[in-house]
Amino acid sequence: MLARWSWLALLAQAVQPGDQPQTAFRRLAHIIQLAARGCHEWAAFQGQQAGEKALKALWFWHGGDPWGHSLARLVRAFPDPALRAAMRTLLSAAQALDKL
């Protein structure tokens, strides 16, 4: 199972193709700042987008061909069975972001 910081590193590298990890972490910090200022809908949207990019990057890395925008679907249908089992812990968060 991937450690919490491993997930952050993967997310940070997948947020924007070509971004350096520092830039991706700044994007994540911006999402946190938006939420802190009460811009919850915008923070949630940006969080969903970042999660979608991260999951799709993992799909491509594992030879998959991701389709759609549902984070829950991307988790449930992940092509690598071992990693799919590890990602089940993210399913409730993915479903919550999909509803927004």
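Predicted model: local features only at pLDDT ≥ 70, side-chain atom pairs only at ≥ 80, totals over all residues.
View 1. Follow the sequence and you get the pattern α-α-α-α-α-α. The chain holds 100 residues, and 35% of them count as buried. Its accessible surface comes to about 6,300 Å², with 61% belonging to carbon and sulfur atoms.

**View 2. Helix α3 from end to end.** Here is α3, residues 40-61. Its 22 residues should span 32 Å at 1.5 Å a residue, and the end C-alpha atoms sit 31 Å apart, so the two figures agree. Which residues of α3 are buried? Quite a list: Ala43, Ala44, Gly47, Gln48, Ala50, Gly51, Glu52, Ala54, Leu55, Lys56, Leu58 and Trp59. Just after α3 comes Gly63, with a positive phi of about 80°.

**View 3. The largest nonpolar core.** This core has 13 residues, and the ones touching the most other members are Leu55, Val75, Phe78, Leu83, Met87 and Ala94. Two or more residues come from each of α3, α4 (71-76), α5 (81-87) and α6 (91-99). Which element gives the most? That's α4, with four residues.

View 4. Leaving out residues up to four places away in sequence, Ala94 touches Leu71, Ala72 and Val75.

Methods: Residues numbered from 1 in each chain as written. Heavy atoms only, no water. Buried < 20%, exposed > 50% of the residue type's maximum accessible area, 1.4 Å probe, protein only. Areas by Shrake-Rupley, 256 points an atom, 1.4 Å probe, with all protein chains shown as cover. Expected span 1.5 Å × (residues − 1). Core = buried A, V, L, I, M, F, W, Y, C linked by side-chain atoms within 4.5 Å. Contact = heavy atoms within 4.5 Å.
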